Amino acid sequence: MKTIQAWGFNQSVPGPVLRAKQGDTMIIKVNNELDEPTVVHWHGIRLPASMDGTGEVQKPIQPGDSFIYRFEVPDAGTFWYHSHQNETQQMERGMYGALIVEDDSKIVTDAERVLMIDDMKLLKDHSFKKGSFIERWKERHDGREGDTLLINGRENYLIEMHEGQRERWRIINASSARYVRIYLGGKQFTLVGTDGGLIEAPMDITEMLLTPGERIDIIVGPFLNGELFYIESLPYNRMTFLKAKHNAFATVRVKEAKPSIASVPSLLREITPLADNNAVVTRRVKFSVGPSWRHGINFLINGDLHTNDAPVYVNELQIWEVSNTSLMDHPFHLHGFFFQVVEENGKSPKYKAWKDTYNLKPKTKIKIAWIPDNRPGRWMYHCHILEHHEAGMMAHFDVMDRLTPFSPQLPPSCAHV
Ligand code: C2O
Ligand code: CU
């Protein structure tokens, strides 16, 4: 057991699992009892820009102040919320939680679990202090990874299942920078959902890469009484100073048999493609690194730091070519909208999915399609490695209405309550 000075929501790490049904309105009052400002971002929810919880659309909630977030949840899926202010500190210390919007699909399982993966980098005294100049330099380059490996805020997490049963696991990678290649000791599991909810048909796999920000829904089991295995992460080399390692996050133990009511339909839903490979690119977005006189290395979008991108217009199909010219991976995250990956280096993906976070491998180009639905305002995209985001690998852009010119001002609902 390690005692740490965490920061969290409602005195826990992770914060409470927020659950809703598709179409519900959520009203969440955030009281800031920290000594510094914060905002809360609802990762993956298609909400109004004014509720997106970034410093661009609301005034940060000052210590002692509160803010009420109110939004509908139009999509079913595994989402999450997290601080979007001083993230490299606030998120590292535990300011995140799951937001589950239940679907009315025909998937029936014997149990459901939400598993939030994280790691913390702690010093010997279990503090979060930053290290030497060199340490900090490496951390800026790699993103902060530590060897305190957590699931739902616990080290050596234990899951007990029953023989014969099948469970739905909703897995969220909440870590600052760690790439997790989920592996269940070689056992097969079934992918049924990603960031934006269900995929079209269940897919049997034995491993799955989950970058910071990404989510998957999987079906595991049935297993036999007495079986024991680990939730592992296979080594993934994302070209950092840190060496890729093979880790275990949790133990799964199978106990005596219990009857099962589980069933997973062979068709989960239909995903209509927004575009095909011939679609003409409407915008190019480039993730790259460059030399920095002050920091050694800069993390850039379109050659710039903390940049602005041109507006897009409501209902106009976006075909973006997002490239990564650097020699390391970056998870690309678009706020507030889902996209479809049309191709990666010229090849169509193996299955269709709605995504809000997608890994850009080194020297890679993806083509994505998305539609800005009628939610004008200020939005953003960035690398979800928190240290890269902080260093400048992000861009703002406006979603605008063709008819009424958008005037960027804070909506009245942003007044402090
Ligand atoms: Cu989960 Cu701006 O990100
Ligand atoms: Cu990055």
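At 1% relative accessibility, R170 counts as buried in this predicted model, where buried means under 20% relative accessible area, exposed over 50%, and partly exposed in between, with a 1.4 Å probe and protein chains only. The partner of R170 in a salt bridge is D217, with N and O 3.3 Å apart; a salt bridge is taken here as a side-chain nitrogen of Lys or Arg within 4 Å of a carboxyl oxygen of Asp or Glu. This pair links distant parts of the chain, as D217 sits in strand 15 (residues 215-220) and R170 in strand 10 (residues 167-173), 47 residues apart. D217 is buried too, its relative accessible area being 3%. Through shared partners, salt bridges join R170 and D217 with R19, E102, D103, E112 and R168 into one network.

Within that network, R19 forms a salt bridge with E102, and the closest N and O atoms are 2.9 Å apart. R19 lies in strand 1 (residues 18-21) and E102 in strand 6 (residues 96-102), so the bridge ties together parts that are 83 residues apart in sequence. R19 is partly exposed, at 40% relative accessible area, and E102 is likewise partly exposed, with 26% relative accessibility.

Another salt bridge brings together the side chains of E92 and R144, at 2.8 Å from N to O. Here the partners come from two loops: E92 from the one between helix 1 (87-90) and strand 6, and R144 from the one between helix 2 (133-142) and strand 8 (148-151), with 52 residues separating the pair. Both E92 and R144 are buried. Over the whole structure, the search finds 35 salt bridges. As a reminder, side chains of opposite charge can pair when their charged atoms come close.

The protein has 48 positive and 52 negative side chains, and the centres of the two sets lie 3 Å apart. Lys and Arg count as positive and Asp and Glu as negative, while His and the chain ends are not counted; each charge is placed at NZ of Lys, CZ of Arg, CG of Asp or CD of Glu.

As for the overall fold, the protein contains 3 helices and 28 strands, which are DSSP runs numbered from the N terminus (helices H or I, at least four residues; strands E, at least two). With 417 residues, a compact globule would have a radius of gyration near 22 Å, and the value of 21 Å for the protein agrees; the radius is taken over C-alpha atoms, and the globule rule is 2.2 Å times the number of residues to the power 0.38. Along the principal axes, the C-alpha atoms fill a box of roughly 65 × 50 × 45 Å. Buried residues make up 54% of the 417 residues. The protein exposes about 18,100 Å², of which carbon and sulfur atoms supply 51%, by the Shrake-Rupley method with a 1.4 Å probe. Among contacts (heavy atoms within 4.5 Å) between residues at least 6 apart in sequence, 78% join residues at least 24 apart.

Leaving aside residues up to four places away in sequence, S288 touches N298, F299, L300, T325, S326 and M393.

Residues are numbered from 1 along each chain as its sequence is written, with chains lettered from A and ligands numbered from 1 in the order in which they are written. In this predicted model, local features need pLDDT of at least 70 and side-chain atom pairs count only at pLDDT 80 or more, whereas totals for chains, interfaces and linings use all residues; side-chain values use heavy atoms, leaving out hydrogens and water.
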